[in-house]
Amino acid sequence: MERTAVLERFDVDRVRKDFPILTRTVNGKPLVYLDNGATTQKPRQVIDAIVNYYTQLNSNVHRGVHHLSQLATDAFEVTRRKLQPFINATHEHEIILTKGTTESINLVASCYGKAFVNTGDELIISAMEHHSNIVPWQILCEERGAILHVVPVNDAGELDMETYRSLLNERTKMVAMTYVSNALGTINPVKEIVALAHAVGAPVLLDAAQAIQHIAIDVQALDVDFLAFSGHKMYGPTGVGVLYGKEKWLNAMPPYQSGGEMIKEVTFAKTTYNELPFKFEAGTPNIEAGICLTHALDYITELGLDNIASYEYDLLKYATSQLLEIPGLRLVGTAKEKSSVISFLLDGVHPYDVGVILDKLGIAVRTGHHCTQPLMDRFNIPGTVRASIAMYNTREEMDILVAAVRRAATMLL
Ligand SMILES: Cc1ncc(COP(=O)(O)O)c(C=O)c1O
(Lines give C-alpha, C1' and ligand atoms only; values in the text may rest on other atoms or scores of the structure.)
Protein backbone atom coordinates (compact mmCIF):
# COMPACT_ATOMS: atom_id res chain seq x y z
CA MET A 1 0.00 0.00 0.00
CA GLU A 2 1.14 3.56 -0.72
CA ARG A 3 2.49 5.37 2.35
CA THR A 4 -0.12 8.12 2.11
CA ALA A 5 -2.92 5.57 2.07
CA VAL A 6 -1.43 3.86 5.13
CA LEU A 7 -1.16 7.14 7.01
CA GLU A 8 -4.65 8.24 6.00
CA ARG A 9 -6.06 5.12 7.57
CA PHE A 10 -3.99 5.31 10.71
CA ASP A 11 -3.90 8.36 12.95
CA VAL A 12 -0.77 7.72 15.01
CA ASP A 13 -0.99 11.08 16.77
CA ARG A 14 -4.40 10.15 18.11
CA VAL A 15 -3.11 6.74 19.18
CA ARG A 16 -0.12 8.23 20.99
CA LYS A 17 -2.37 10.50 23.04
CA ASP A 18 -3.94 7.38 24.54
CA PHE A 19 -0.61 6.13 25.91
CA PRO A 20 0.37 8.37 28.85
CA ILE A 21 3.83 6.85 29.32
CA LEU A 22 4.91 7.99 25.85
CA THR A 23 5.12 11.58 27.05
CA ARG A 24 7.76 10.88 29.69
CA THR A 25 11.46 11.44 29.35
CA VAL A 26 14.32 9.02 30.01
CA ASN A 27 17.77 10.37 30.79
CA GLY A 28 16.49 13.82 29.91
CA LYS A 29 15.35 12.75 26.43
CA PRO A 30 11.86 11.96 25.14
CA LEU A 31 11.25 8.25 25.56
CA VAL A 32 11.51 6.24 22.33
CA TYR A 33 10.06 2.90 23.31
CA LEU A 34 11.20 0.15 20.99
CA ASP A 35 11.04 -2.83 23.33
CA ASN A 36 7.52 -3.76 22.35
CA GLY A 37 8.39 -7.40 21.71
CA ALA A 38 9.10 -7.71 25.44
CA THR A 39 5.95 -5.88 26.50
CA THR A 40 3.80 -3.13 25.06
CA GLN A 41 2.69 0.04 26.78
CA LYS A 42 -0.92 0.37 27.89
CA PRO A 43 -3.53 2.82 26.64
CA ARG A 44 -5.46 4.97 29.09
CA GLN A 45 -8.54 2.84 28.42
CA VAL A 46 -6.78 -0.18 29.97
CA ILE A 47 -5.25 1.83 32.82
CA ASP A 48 -8.61 3.43 33.67
CA ALA A 49 -10.27 0.02 33.61
CA ILE A 50 -7.76 -1.26 36.17
CA VAL A 51 -8.55 1.64 38.52
CA ASN A 52 -12.26 1.14 37.90
CA TYR A 53 -11.96 -2.54 38.74
CA TYR A 54 -10.42 -1.87 42.15
CA THR A 55 -12.67 1.06 42.96
CA GLN A 56 -15.97 -0.42 41.73
CA LEU A 57 -15.88 -4.16 41.13
CA ASN A 58 -13.24 -5.91 43.21
CA SER A 59 -14.62 -9.31 44.15
CA ASN A 60 -13.87 -12.96 43.43
CA VAL A 61 -15.35 -14.42 40.26
CA HIS A 62 -17.57 -17.43 39.57
CA ARG A 63 -18.34 -17.91 43.26
CA GLY A 64 -20.57 -15.37 44.96
CA VAL A 65 -24.26 -14.65 44.63
CA HIS A 66 -23.63 -11.12 45.86
CA HIS A 67 -23.79 -8.16 43.52
CA LEU A 68 -20.09 -7.38 43.22
CA SER A 69 -19.17 -10.97 42.52
CA GLN A 70 -21.80 -11.09 39.78
CA LEU A 71 -20.47 -7.89 38.25
CA ALA A 72 -16.86 -9.09 38.36
CA THR A 73 -17.83 -12.47 36.91
CA ASP A 74 -19.80 -10.87 34.09
CA ALA A 75 -16.93 -8.50 33.28
CA PHE A 76 -14.42 -11.39 33.34
CA GLU A 77 -16.57 -13.46 31.01
CA VAL A 78 -16.97 -10.52 28.61
CA THR A 79 -13.27 -10.90 27.83
CA ARG A 80 -13.71 -14.55 26.91
CA ARG A 81 -16.76 -13.62 24.84
CA LYS A 82 -14.76 -11.00 22.94
CA LEU A 83 -11.76 -13.25 22.46
CA GLN A 84 -13.87 -15.77 20.58
CA PRO A 85 -14.58 -13.54 17.56
CA PHE A 86 -11.16 -11.87 17.91
CA ILE A 87 -9.49 -15.12 16.84
CA ASN A 88 -12.63 -16.65 15.31
CA ALA A 89 -12.79 -19.64 17.65
CA THR A 90 -15.79 -21.89 17.06
CA HIS A 91 -16.79 -21.91 20.73
CA GLU A 92 -16.31 -19.54 23.63
CA HIS A 93 -15.34 -22.47 25.85
CA GLU A 94 -12.32 -23.12 23.64
CA ILE A 95 -10.76 -19.99 25.18
CA ILE A 96 -8.80 -20.79 28.37
CA LEU A 97 -7.54 -17.81 30.33
CA THR A 98 -4.00 -18.42 31.59
CA LYS A 99 -1.15 -16.32 32.97
CA GLY A 100 0.38 -15.86 29.53
CA THR A 101 1.95 -17.60 26.56
CA THR A 102 4.39 -19.51 28.75
CA GLU A 103 1.65 -21.01 30.88
CA SER A 104 -0.49 -21.77 27.82
CA ILE A 105 2.32 -23.76 26.19
CA ASN A 106 3.19 -25.54 29.44
CA LEU A 107 -0.45 -26.49 29.84
CA VAL A 108 -0.55 -28.14 26.43
CA ALA A 109 2.82 -29.85 26.83
CA SER A 110 1.74 -31.25 30.18
CA CYS A 111 -1.90 -32.21 29.52
CA TYR A 112 -1.73 -33.17 25.85
CA GLY A 113 1.53 -34.93 26.66
CA LYS A 114 -0.05 -37.08 29.38
CA ALA A 115 -2.92 -38.05 27.11
CA PHE A 116 -1.20 -38.55 23.79
CA VAL A 117 2.61 -38.80 23.94
CA ASN A 118 4.34 -42.13 24.56
CA THR A 119 7.77 -43.71 24.20
CA GLY A 120 9.18 -43.35 20.70
CA ASP A 121 6.71 -40.65 19.66
CA GLU A 122 8.10 -37.58 17.93
CA LEU A 123 7.55 -33.85 18.40
CA ILE A 124 8.68 -31.07 16.07
CA ILE A 125 9.67 -27.53 16.96
CA SER A 126 11.85 -25.04 15.08
CA ALA A 127 15.27 -23.52 15.61
CA MET A 128 13.74 -20.06 16.08
CA GLU A 129 11.56 -20.88 19.09
CA HIS A 130 11.50 -18.83 22.28
CA HIS A 131 12.70 -20.88 25.26
CA SER A 132 9.09 -21.15 26.40
CA ASN A 133 8.32 -23.15 23.25
CA ILE A 134 11.39 -25.35 23.66
CA VAL A 135 11.80 -26.32 27.29
CA PRO A 136 8.25 -27.59 27.99
CA TRP A 137 8.62 -29.99 25.04
CA GLN A 138 12.09 -31.07 26.18
CA ILE A 139 10.70 -31.87 29.63
CA LEU A 140 7.81 -33.77 28.07
CA CYS A 141 10.20 -35.79 25.89
CA GLU A 142 12.32 -36.65 28.94
CA GLU A 143 9.26 -37.74 30.89
CA ARG A 144 7.66 -39.80 28.13
CA GLY A 145 10.72 -41.10 26.25
CA ALA A 146 9.74 -39.14 23.15
CA ILE A 147 12.04 -37.57 20.55
CA LEU A 148 12.28 -33.84 19.86
CA HIS A 149 13.11 -32.79 16.29
CA VAL A 150 14.14 -29.26 15.37
CA VAL A 151 13.49 -27.69 11.95
CA PRO A 152 16.55 -25.61 11.01
CA VAL A 153 16.47 -22.06 9.66
CA ASN A 154 18.43 -20.68 6.70
CA ASP A 155 20.78 -17.70 6.83
CA ALA A 156 17.90 -15.29 6.30
CA GLY A 157 16.12 -16.77 9.31
CA GLU A 158 13.44 -18.63 7.36
CA LEU A 159 12.27 -22.13 8.16
CA ASP A 160 13.74 -24.94 6.10
CA MET A 161 10.43 -26.32 4.87
CA GLU A 162 12.08 -29.22 3.03
CA THR A 163 13.47 -30.54 6.30
CA TYR A 164 10.14 -29.92 8.01
CA ARG A 165 8.39 -32.05 5.39
CA SER A 166 10.97 -34.81 5.79
CA LEU A 167 10.59 -34.87 9.59
CA LEU A 168 6.83 -35.40 9.54
CA ASN A 169 5.59 -38.97 9.81
CA GLU A 170 2.92 -41.06 11.52
CA ARG A 171 4.91 -40.97 14.81
CA THR A 172 4.72 -37.14 14.91
CA LYS A 173 2.45 -36.27 17.83
CA MET A 174 2.82 -32.49 17.92
CA VAL A 175 4.23 -29.62 15.88
CA ALA A 176 4.85 -26.52 18.03
CA MET A 177 6.04 -23.44 16.18
CA THR A 178 6.09 -19.72 16.51
CA TYR A 179 3.97 -17.64 14.16
CA VAL A 180 6.41 -14.69 14.29
CA SER A 181 9.98 -14.96 15.58
CA ASN A 182 10.60 -12.61 18.50
CA ALA A 183 14.32 -12.44 17.71
CA LEU A 184 14.25 -12.15 13.90
CA GLY A 185 10.78 -10.97 12.98
CA THR A 186 10.29 -13.85 10.53
CA ILE A 187 6.65 -14.61 9.78
CA ASN A 188 6.34 -18.35 9.32
CA PRO A 189 4.10 -19.95 6.67
CA VAL A 190 1.71 -21.20 9.31
CA LYS A 191 -1.10 -22.30 7.03
CA GLU A 192 1.28 -24.61 5.19
CA ILE A 193 2.83 -25.80 8.46
CA VAL A 194 -0.60 -26.78 9.77
CA ALA A 195 -1.74 -28.45 6.55
CA LEU A 196 1.43 -30.57 6.33
CA ALA A 197 1.16 -31.62 9.99
CA HIS A 198 -2.49 -32.54 9.60
CA ALA A 199 -1.64 -34.70 6.59
CA VAL A 200 0.18 -37.05 9.00
CA GLY A 201 -2.44 -36.63 11.75
CA ALA A 202 -0.36 -34.35 14.00
CA PRO A 203 -1.90 -31.34 15.77
CA VAL A 204 -0.19 -27.94 15.70
CA LEU A 205 0.37 -25.43 18.48
CA LEU A 206 1.14 -21.92 17.31
CA ASP A 207 3.00 -19.57 19.62
CA ALA A 208 1.31 -16.31 18.68
CA ALA A 209 3.01 -14.17 21.34
CA GLN A 210 4.54 -11.95 18.63
CA ALA A 211 1.73 -12.28 16.10
CA ILE A 212 -1.50 -11.49 17.90
CA GLN A 213 -0.78 -7.73 18.12
CA HIS A 214 0.39 -7.46 14.50
CA ILE A 215 -1.58 -9.93 12.37
CA ALA A 216 -5.31 -10.74 12.24
CA ILE A 217 -5.58 -14.41 13.24
CA ASP A 218 -8.44 -16.72 12.30
CA VAL A 219 -7.94 -20.06 14.04
CA GLN A 220 -10.58 -21.75 11.91
CA ALA A 221 -9.09 -20.56 8.64
CA LEU A 222 -5.65 -21.69 9.81
CA ASP A 223 -7.21 -24.87 11.21
CA VAL A 224 -4.69 -24.65 14.02
CA ASP A 225 -5.24 -26.91 17.03
CA PHE A 226 -3.80 -24.70 19.79
CA LEU A 227 -2.90 -21.01 19.89
CA ALA A 228 -1.03 -19.30 22.75
CA PHE A 229 -0.59 -15.59 23.42
CA SER A 230 -0.09 -13.00 26.20
CA GLY A 231 -2.22 -10.00 27.12
CA HIS A 232 0.74 -7.80 28.02
CA LYS A 233 2.21 -7.92 24.52
CA MET A 234 -1.07 -6.73 22.99
CA TYR A 235 -1.52 -3.52 25.01
CA GLY A 236 -3.31 -5.35 27.82
CA PRO A 237 -2.32 -6.03 31.42
CA THR A 238 0.36 -8.45 32.55
CA GLY A 239 -0.66 -11.70 34.20
CA VAL A 240 -3.28 -12.80 31.69
CA GLY A 241 -2.90 -14.80 28.52
CA VAL A 242 -4.85 -17.11 26.31
CA LEU A 243 -4.80 -20.70 25.29
CA TYR A 244 -7.14 -21.48 22.44
CA GLY A 245 -7.64 -25.20 21.90
CA LYS A 246 -9.98 -27.11 19.65
CA GLU A 247 -12.78 -28.55 21.77
CA LYS A 248 -11.97 -32.12 20.74
CA TRP A 249 -8.42 -31.84 22.13
CA LEU A 250 -9.32 -29.93 25.28
CA ASN A 251 -12.01 -32.48 26.14
CA ALA A 252 -9.57 -35.33 25.65
CA MET A 253 -6.88 -33.79 27.88
CA PRO A 254 -6.68 -34.20 31.67
CA PRO A 255 -6.75 -31.05 33.86
CA TYR A 256 -3.56 -29.01 34.32
CA GLN A 257 -3.70 -27.77 37.91
CA SER A 258 -6.27 -28.86 40.45
CA GLY A 259 -8.18 -27.01 43.13
CA GLY A 260 -11.14 -24.67 43.20
CA GLU A 261 -13.12 -23.90 40.05
CA MET A 262 -11.94 -26.87 37.99
CA ILE A 263 -14.17 -29.42 39.77
CA LYS A 264 -17.76 -30.52 39.32
CA GLU A 265 -17.95 -32.52 42.52
CA VAL A 266 -15.40 -33.49 45.15
CA THR A 267 -15.71 -36.38 47.59
CA PHE A 268 -12.85 -38.14 49.32
CA ALA A 269 -13.61 -41.14 47.16
CA LYS A 270 -13.60 -39.36 43.78
CA THR A 271 -13.52 -35.97 42.10
CA THR A 272 -15.23 -35.13 38.83
CA TYR A 273 -14.06 -32.24 36.71
CA ASN A 274 -15.81 -29.13 35.54
CA GLU A 275 -16.67 -28.44 31.91
CA LEU A 276 -14.58 -26.39 29.52
CA PRO A 277 -13.13 -23.86 29.96
CA PHE A 278 -13.17 -24.11 33.79
CA LYS A 279 -11.56 -27.56 33.81
CA PHE A 280 -8.32 -25.75 32.94
CA GLU A 281 -8.77 -22.71 35.17
CA ALA A 282 -8.03 -23.88 38.72
CA GLY A 283 -7.99 -21.32 41.52
CA THR A 284 -8.63 -17.60 41.56
CA PRO A 285 -7.52 -16.16 38.23
CA ASN A 286 -5.90 -12.78 37.69
CA ILE A 287 -9.33 -11.14 37.77
CA GLU A 288 -8.23 -7.57 37.20
CA ALA A 289 -6.07 -8.49 34.21
CA GLY A 290 -8.72 -10.78 32.77
CA ILE A 291 -11.35 -8.06 32.93
CA CYS A 292 -9.11 -5.31 31.60
CA LEU A 293 -7.83 -7.29 28.63
CA THR A 294 -11.26 -6.53 27.12
CA HIS A 295 -10.25 -2.91 26.76
CA ALA A 296 -7.08 -3.81 24.88
CA LEU A 297 -9.11 -6.02 22.54
CA ASP A 298 -11.59 -3.19 21.96
CA TYR A 299 -8.73 -0.80 21.31
CA ILE A 300 -7.10 -3.01 18.69
CA THR A 301 -10.41 -3.98 17.12
CA GLU A 302 -11.45 -0.37 16.73
CA LEU A 303 -8.24 0.53 14.91
CA GLY A 304 -8.29 -2.67 12.86
CA LEU A 305 -5.39 -5.12 12.80
CA ASP A 306 -4.99 -4.76 9.04
CA ASN A 307 -4.51 -1.00 9.44
CA ILE A 308 -2.11 -1.55 12.33
CA ALA A 309 -0.15 -4.10 10.27
CA SER A 310 0.27 -1.85 7.24
CA TYR A 311 1.26 1.11 9.40
CA GLU A 312 3.86 -0.94 11.28
CA TYR A 313 5.17 -2.48 8.07
CA ASP A 314 5.82 0.97 6.68
CA LEU A 315 7.89 1.77 9.80
CA LEU A 316 9.74 -1.53 9.55
CA LYS A 317 10.70 -0.94 5.91
CA TYR A 318 11.66 2.67 6.56
CA ALA A 319 13.86 1.98 9.59
CA THR A 320 15.45 -1.09 8.01
CA SER A 321 16.54 0.77 4.89
CA GLN A 322 17.98 3.63 6.94
CA LEU A 323 19.85 1.35 9.34
CA LEU A 324 21.37 -0.59 6.46
CA GLU A 325 23.16 2.57 5.35
CA ILE A 326 25.22 2.60 8.53
CA PRO A 327 28.69 1.15 7.80
CA GLY A 328 29.43 -1.92 9.93
CA LEU A 329 25.77 -2.66 10.68
CA ARG A 330 24.49 -6.14 9.94
CA LEU A 331 20.88 -7.24 10.11
CA VAL A 332 20.17 -10.59 11.74
CA GLY A 333 16.95 -11.88 10.21
CA THR A 334 16.31 -10.92 6.61
CA ALA A 335 13.33 -13.14 5.83
CA LYS A 336 11.09 -12.12 2.95
CA GLU A 337 8.08 -12.10 5.28
CA LYS A 338 8.82 -10.03 8.36
CA SER A 339 6.90 -8.29 11.09
CA SER A 340 7.90 -5.46 13.43
CA VAL A 341 11.31 -6.68 14.60
CA ILE A 342 14.70 -5.31 13.58
CA SER A 343 17.60 -7.29 15.04
CA PHE A 344 21.08 -6.08 14.24
CA LEU A 345 24.73 -6.03 15.23
CA LEU A 346 27.56 -3.58 14.80
CA ASP A 347 30.68 -5.40 13.62
CA GLY A 348 32.70 -6.72 16.54
CA VAL A 349 30.66 -4.77 19.12
CA HIS A 350 28.78 -6.46 21.95
CA PRO A 351 25.05 -5.71 21.66
CA TYR A 352 24.96 -4.68 25.32
CA ASP A 353 27.31 -1.75 24.63
CA VAL A 354 25.02 -0.47 21.89
CA GLY A 355 22.02 -0.87 24.19
CA VAL A 356 23.66 1.23 26.91
CA ILE A 357 24.39 4.09 24.51
CA LEU A 358 20.85 3.99 23.13
CA ASP A 359 19.45 4.05 26.66
CA LYS A 360 21.45 7.18 27.44
CA LEU A 361 19.67 8.75 24.47
CA GLY A 362 16.23 7.76 25.78
CA ILE A 363 15.79 4.81 23.43
CA ALA A 364 14.56 1.52 24.89
CA VAL A 365 15.71 -1.50 22.89
CA ARG A 366 16.46 -5.04 24.01
CA THR A 367 19.90 -6.57 23.84
CA GLY A 368 20.94 -10.17 24.37
CA HIS A 369 19.69 -13.56 23.26
CA HIS A 370 15.97 -12.73 23.52
CA CYS A 371 15.28 -16.11 25.16
CA THR A 372 16.36 -17.81 21.93
CA GLN A 373 19.82 -19.11 22.83
CA PRO A 374 19.78 -21.99 20.30
CA LEU A 375 18.94 -19.49 17.56
CA MET A 376 21.83 -17.25 18.59
CA ASP A 377 24.09 -20.34 18.50
CA ARG A 378 22.82 -21.05 14.98
CA PHE A 379 24.00 -17.61 13.88
CA ASN A 380 27.13 -17.94 16.01
CA ILE A 381 26.48 -14.68 17.85
CA PRO A 382 26.04 -13.84 21.54
CA GLY A 383 22.88 -11.88 20.89
CA THR A 384 21.56 -8.91 18.97
CA VAL A 385 20.25 -5.41 19.49
CA ARG A 386 16.51 -5.65 18.90
CA ALA A 387 14.24 -2.75 18.10
CA SER A 388 10.64 -3.99 18.10
CA ILE A 389 7.92 -1.77 16.72
CA ALA A 390 4.39 -1.11 17.95
CA MET A 391 1.50 0.84 16.48
CA TYR A 392 2.33 3.99 18.47
CA ASN A 393 5.85 4.33 17.08
CA THR A 394 6.54 6.97 14.43
CA ARG A 395 8.90 7.69 11.53
CA GLU A 396 10.41 10.45 13.67
CA GLU A 397 11.28 7.84 16.29
CA MET A 398 12.85 5.69 13.60
CA ASP A 399 14.99 8.69 12.64
CA ILE A 400 16.05 9.12 16.27
CA LEU A 401 16.94 5.42 16.46
CA VAL A 402 18.97 5.56 13.25
CA ALA A 403 20.85 8.69 14.34
CA ALA A 404 21.61 7.12 17.73
CA VAL A 405 22.88 3.87 16.19
CA ARG A 406 25.03 5.91 13.82
CA ARG A 407 26.44 7.74 16.83
CA ALA A 408 27.06 4.45 18.66
CA ALA A 409 28.83 3.14 15.56
CA THR A 410 31.20 6.12 15.45
CA MET A 411 31.96 5.67 19.14
CA LEU A 412 32.37 1.90 19.17
CA LEU A 413 33.67 0.85 15.76
C1 LIG B 1 7.68 -15.83 20.70
C2 LIG B 1 7.46 -15.78 22.17
N3 LIG B 1 6.94 -16.84 22.79
C4 LIG B 1 6.70 -16.84 24.10
C5 LIG B 1 7.00 -15.76 24.89
C6 LIG B 1 6.71 -15.80 26.36
O7 LIG B 1 5.69 -14.90 26.67
P8 LIG B 1 5.30 -14.63 28.20
O9 LIG B 1 6.57 -14.29 28.91
O10 LIG B 1 4.34 -13.48 28.12
O11 LIG B 1 4.67 -15.88 28.72
C12 LIG B 1 7.57 -14.63 24.30
C13 LIG B 1 7.97 -13.47 25.12
O14 LIG B 1 8.77 -12.66 24.74
C15 LIG B 1 7.80 -14.64 22.91
O16 LIG B 1 8.33 -13.58 22.30
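In which loop does N60 lie? N60 is found in the loop between α3 (44-57) and α4 (67-87); helices (H or I, at least four residues) and strands (E, at least two) are DSSP runs, numbered from the N terminus. The model is a predicted one, in which local features need pLDDT of at least 70, side-chain atom pairs count only at pLDDT 80 or more, and totals for chains, interfaces and linings use all residues. Residues are numbered from 1 along each chain as its sequence is written, and side-chain values use heavy atoms, with hydrogens and water left out.

**N60 and S69**

N60 counts as partly exposed because its relative accessibility is 28%; buried means under 20% relative accessible area, exposed over 50%, and partly exposed in between (1.4 Å probe, protein chains only). Leaving aside neighbours within four places in sequence, N60 is in contact with S69, T73, T284 and I287, where contact means heavy atoms within 4.5 Å. From N60 to E275 the C-alpha to C-alpha separation is 20 Å, and the two are 215 residues apart in sequence.

Not counting residues up to four places away in sequence, S69 touches S59, N60, R63 and G64.

Axes are lines fitted to C-alpha atoms, for helices over the stretch in contact, and angles run from 0 to 180 degrees between N-to-C directions.

Strand β5 (residues 122-126) runs parallel to β6, and five bridges join them. Within this pair, S126 stands opposite V151 in β6.

Beyond strand β5, M128 has its place in the loop between β5 and α6 (135-144). M128 counts as buried because its relative accessibility is 0%. Its contacts, leaving aside neighbours within four places in sequence, include V153, G157, E158, L159, T178 and T372.

**The four-stranded sheet**

A further open sheet has four strands in the order β13-β14-β17-β16, with antiparallel pairing. Its edge strands are β13 (329-331) and β16, each pairing on one side only. Neighbouring strands here are turned by 30° against each other on average, direction ignored. Helix α12 (residues 305-323) lies across β13 and β14 (341-346), and runs at about 10° to β14.

Strand β17 (residues 384-388) is joined to β16 by three bridges, and the two run antiparallel. Facing residues of β17 across this pair, T367 stands opposite V385 and G368 stands opposite T384. On the β14 side, four bridges join β14 to β17, again antiparallel, and the bridge partner of I342 is A387.

In a regular strand the side chains alternate between the two faces of the sheet. In β17, T384, R386 and S388 point one way and V385 and A387 the other, and all are buried. Five of the five residues of β17 are buried, so this strand is largely enclosed by the rest of the structure.

**The largest pocket**

How much space lies in the largest pocket? About 380 Å³ lies there. A pocket is an open set of points on a 1 Å grid over the protein atoms alone, where a 1.4 Å probe fits, with protein on both sides within 12 Å along at least five of seven lines; lining residues have an atom within 4 Å of a point. Grid points are joined across faces, edges and corners, and a volume is the space filled by probe spheres set on the points.

Of the 25 residues lining this pocket, G37, H130, N182, K233 and C371 are the closest to its centre. Helix α5 (101-116) and strand β16 (366-368) each supply at least two residues of the lining.

Conventions: Pairing = 2+ DSSP bridges.
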